[in-house]
Amino acid sequence: MAASAHLMRAMAVRTPAPIETNPLQAVEVERPRPEAGELLVRVRVCGVCRTDLHVTEGDLPARHQWIIPGHEVVGEVVDLGEGCRRFSPGARVGIGWLRQTCGVCAYCRRDRENLCPNACFTGWDRNGGYAQWTTVREDFAYPLPRTIADEQVAPLLCAGIIGYRAIKRAEIRPGATVGLYGFGGSAHLALQVLQHWKCRVFVMTRGGPHQELAKAIGAEWIGSAEEPPPAPLEAAILFAPAGNLILPALRALDRGGILAVAGIYLSAIPPLDYERHLFYEKELRSVTANTRRDGEEFLKIAGEIPILTHTAPMALDEANLALQMLKHDQLQGAAVLRIS
């Protein structure tokens, strides 16, 4: 019994495989210990993100023999590594995708730490939040808005922050006409920021729960990606990992419009026709992770609105099911695993 006090329950992937084969396995592993500059966090909830699916299925190549996914972590600080001063035991913190950067490369020095070639990521390079305990460098942990509860704030830590990063990459200004392609966990959070900014928002998504949710939140127009939107778009964000949607999204842009691709993974993009898709100074931009400043800015805005997160709570041992439902568009909002 004494030994079990040092173990924790987790869901880990050893051999990436299609999620329908249930590659995540329930395991008992040693509880982590915080190193210098790290916090030990008791995980309360962990959001389920499409990037977790890419890690579990192997779209993102494995970097270890096994890994615990999860990078939308909300928890309580229970122990401090040497030198920690920013948080105290009992503090509520969030842990996102970006776990560590070098701080000295050209990108870090230019406030573009999301491009750091030496970066490490939660749930890919280091064990994440599909577990009872995890660690985080205290300078990469987020204080969370008090106005949003644990289960609702979890999806903000990746889906929300990445959506906000995409908004910045697309240079969206208050009052702009914007198209959102795909409407899942990230897009339904970005829509609320855009509404807060009084933007005109059109949502292009497949039928069923996604269209119902977009309508409930208040999108002005909802249709398929192949349909031309009611007006030319000043900016657009592609949330679906489908490269074929690049073409209709670029066609829908007004002159000088920007399309930002929010995913870490995208299927092949069909050939572009320069005159139809890019002429008149249209731009296609990728989104790569986020900076801590993005996270801090977004969480402040989220607390002010406050953002309403549509979640589907599930148990830790249902992680495979949660990712299957995510893959097959069966979730209305974002799945959140209740850990403790």
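## Overall fold and local details

The accessible surface of the protein comes to about 14800 Å², with carbon and sulfur atoms supplying 49% of that area (Shrake-Rupley method, 1.4 Å probe; for residues, only the protein chains shown count as cover). The model is a predicted one, with local features needing pLDDT of at least 70 and side-chain atom pairs counting only at pLDDT 80 or more, while totals for chains, interfaces and linings use all residues. Residues are numbered from 1 along each chain as its sequence is written, and side-chain values use heavy atoms, with hydrogens and water left out.

The protein has 10 helices and 17 strands (DSSP runs numbered from the N terminus: H or I of at least four residues for helices, E of at least two for strands). Its radius of gyration is 20 Å, close to the 20 Å that the globule rule gives for 340 residues, so the protein is as compact as a globular protein of that length. That radius is taken over C-alpha atoms, and the rule is 2.2 Å times the number of residues to the power 0.38. Along the principal axes, the C-alpha trace spans about 65 × 45 × 35 Å.

Of the 340 residues, 54% are buried (buried is under 20% relative accessible area, exposed is over 50%, and partly exposed is in between, with a 1.4 Å probe and protein chains only). Among contacts with a separation of 6 or more, 72% link residues 24 or more positions apart, where a contact means heavy atoms within 4.5 Å. As for charge, the mean positions of the 36 positive and 37 negative charges sit 3 Å apart. Here Lys and Arg are positive and Asp and Glu negative, leaving out His and the chain ends; each charge is placed at NZ of Lys, CZ of Arg, CG of Asp or CD of Glu.

Helix 6 (residues 209-217) has a buried set made up of His210, Leu213, Ala214 and Ile217. These residues cover an arc of only 100° around the axis, which puts them on the same side of helix 6 (the arc is that of the directions from the helix axis to the C-beta atoms).

Histidine 196 belongs to helix 5 and is partly exposed, at 42% relative accessible area. Beyond its neighbours within four places in sequence, histidine 196 is in contact with Ile301 and Ile305. Isoleucine 305, in turn, is joined to proline 306 by a cis peptide bond with omega of about -25°. Proline 306 sits in the loop between helix 9 (292-304) and strand 16 (311-315).

Most residues other than glycine have a negative phi, and most peptide bonds are trans. Glutamate 171, however, has a positive phi near 55°; this glutamate lies in the loop between helix 4 (159-169) and strand 10 (177-181) and is partly exposed at 46% relative accessibility. Tyrosine 280, not a glycine either, has a positive phi of about 65°. Tyrosine 280 is in the loop between helix 8 (274-278) and strand 15 (283-286), and it is partly exposed, with a relative accessible area of 41%.
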